[in-house]
Amino acid sequence: MEKKNNFKKLLPFVKPYIGLIILSIFFAILSTFGTIYLPIVIKDVINNALGQNNVFWDNIYPKLLLIIIINIVIALSSWLLGIINSRISFNISRDLRKSTFKYIQNIPLSYLDVHSSGDILSRLIQDVETISDGLLLGLTNLFTGLMTIIGTLIIMLILNVYVALLVVILTPLSLFIANFISKRTYRLFKQQADKKGEQTSLIEEAITNQKVIQAYNYESRLIDNFKIQNEQLRKISLNALFYSSLVNPSTRFINNLIYASVGVLCGLLATKWNQIAIIDVGLISAFLSYASSFGKPFNDLSITITELQNANASLERLFEIYDAEQEEECLNPTLINDDEIENIKIDDVYFSYVPEQHLIEGFSLDVKKGQTIAIVGPTGCGKTTFINLLMRFYVVNKGLISINNIDIRNTTRKDLRKQFGMVLQDTWLFSGTIKDNIRYGKEDASDEEIINACKISHCHSFIMQLENGYDTIIGEEGGSLSQGQKQLLCIARVMLSKPPILILDEATSSIDTRTEIKVQDAFLKLMEGRTTFIVAHRLSTIQKADVILVLKDGHIIEIGNHQTLLKQGGFYKKLYESQFQK
C-alpha cells in the first residue's frame, strides 16, 4: 500500500504529459505488433524453402521485402518511443525539482532547523535523478513488455493451444521470483538513499566550514568520519545491488527453461503426436521465437521492478518534504500601510521551540513610531527568538503581536517582511556581481541609488578598488571578501531598501572601530523616523537607544534607557561593568 501511495502522489506531475504518454503507447503498440508479426512471416519463408526442389521463390521474395519493412518499422518506432519517453521522464523530473524547490520556500523554519541542508539537497538532486531513471526505464519497458506478453500469448494460443498452455504454466515462476526479491530490495534501496543524504550533508558541511575545520586541525577526524560513512554506503549499496541482481539471472533461468520446454514439446508434436497437432518446421521456428519473445519482457520487467523499487524509495524521501506542513497564510489578509508604522505591540506572548522547554513567557511591549529598542541579555535569553517571532519565522504559542493594530497572523508573510530591513551578524551573499547583491534589497534600484547607498555605508571605496568595481563577480558567501567587507555590503543593501522597520543584530560586529563609528552615524540617519530593534552584545552600541530591554530566561527583567538602568544598579549595570570596568 505504501508503494502504491508513493506513485499515486506522482500522478499530478504525470497528468500534463498524457498526450505524450498516449503517443508513447501508440509507438509501443506499433513496435510490439511488428515484433509479434515478424516470426509468422519468417515461418512462411522457412516453409517455402524446405527442400532443394521445393523452394518457392515467388512466395519468398515478397516475404523478404515484408521482413525488411517490418524491421524498419520496429526500429523507427523504438527510436521514437525512446525519445518520447526520455522527454516525459526529464520533464517530470524538471517539474518535480521546480515544485519541490518552490515548496521548500514555504516550509517553516522549524522544519529546516531539524533537517540538514545536505540531506535536503540530496533529495532535490540525487533522489529526483533516481526517480527519473526509474520512470524512463519503467515507461520504456512497461508498455512494450506488457503488450509483448499479451500479444505473444494470444498468437501462441491461436497457433497451438498445447504449447501456449506450457508457457502459461511455467511463466508465473518468473513473476513469483521477481516479486519475492523486489520486496526485499525496497528496504535496502531506502537505506541507500538515506545514507547518500547523510554523506551529502557531511560533504556540504565540510566544504562550507573548511576554514573552521583547518583552524581546529580537524581534517584527519573529518576524513575518518567520511571514511566510516563511505564504507557504510558501500556495504548498503552492495547489499542492495546483490539482492536486486538476483532478479535477472533467476528470471532468465526460468525463461531458458520455458524455451527448452517449448522446443521439446514442439519436437514431440511434430513427430510422435502429429495425429493431434500439425506442427511443421516453420511453426517450430515461430514458437521458439515466441518463447524467447515471451520470456524477454519478464527479464526486462524484472530489471524495471528493481529500478522502480529504487525510484519508490527516492519518491518516499522526496515526498517526506511535502508531508511537512507549509506556513499557513490568512485567507483574507489585511495589508499593512508601510508609509506609516505607528506602533508595534507585543501582548502577553508565550513561545517555546519544544513544548516541555519554556523560553518566552508573558512577554509584553508597546513600541511607538520612531523608537529605538535595544535588546540585551545573556546567551539563550530569547533575543533572537523575539526577532524570529516579530518577523513570523515562528508563530507565537499564545498572545499577540500586532503592527498598526493589525495582528501579524492576519497579514501575509510577504507583506509583513516587506516592512523590515535586517542586518545580521551572519552575512549572506550569493554568487553574482556586487551590484546584484546590493540590488537584492530593491530590485528596481538604479545604479546611482546603489552607489549612493554604498557611499553612505562606507563600502564604495573598497568596491572601486576591485578589478571590475560594482560589476565584480563574487563567489558563494562573498568569495575572497573579508568578513567586514561582506557585512558592509549587507548594510548597503538595507540602506538601499530603506524599510520602515530596522532590525540590527550585531550589525557592525565584524567592522573595525573607525569604520564602525562612520557606519553608526549612517545608521542614525537611516533610523530617523523609523522604528528600530537592535540586538546587541556590545553595550557601547546601544547607549543612545530610547528603550533598552534586559532579557533573562525569556522575561523582561529590566526596562529603561541607558542612564536609568545604570542608576537602578541591577542586572544591566552588572553587564555594563563586566564589559567596561577594569
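T532 is buried, with a relative accessible area of 0%, where buried means under 20% relative accessible area, exposed over 50% and partly exposed in between, for a 1.4 Å probe and protein chains only. The model is a predicted one, in which local features need pLDDT of at least 70 and side-chain atom pairs count only at pLDDT 80 or more, whereas totals for chains, interfaces and linings use all residues. Residues are numbered from 1 along each chain as its sequence is written, and side-chain values use heavy atoms, with hydrogens and water left out.

T532 belongs to strand β10, strands (E, at least two residues) and helices (H or I, at least four) being DSSP runs numbered from the N terminus. Leaving aside residues up to four places away in sequence, T532 touches Q371, T372, I373, L502, L504 and M527; contact means heavy atoms within 4.5 Å.

The open sheet has 6 strands in the order β6-β9-β10-β3-β11-β12, with mixed pairing; two strands pair if DSSP finds at least two bridges between them. Because β6 (420-423) and β12 (555-560) stand at the edges with a single partner strand each, one side of each is left without a neighbour in the sheet. From one strand to the next, the twist averages 20°. Strands β6 and β9 (residues 501-505) pair in the parallel sense over 4 bridges, and G421 has L502 in β9 as its bridge partner.

Two helices contact the sheet, with axes fitted to C-alpha atoms, for helices over the stretch in contact, and angles from 0 to 180 degrees between N-to-C directions.

| Helix | Strands contacted | Angle |
|---|---|---|
| α17 (residues 513-527) | β3, β6, β9, β10 | about 155° with β9 |
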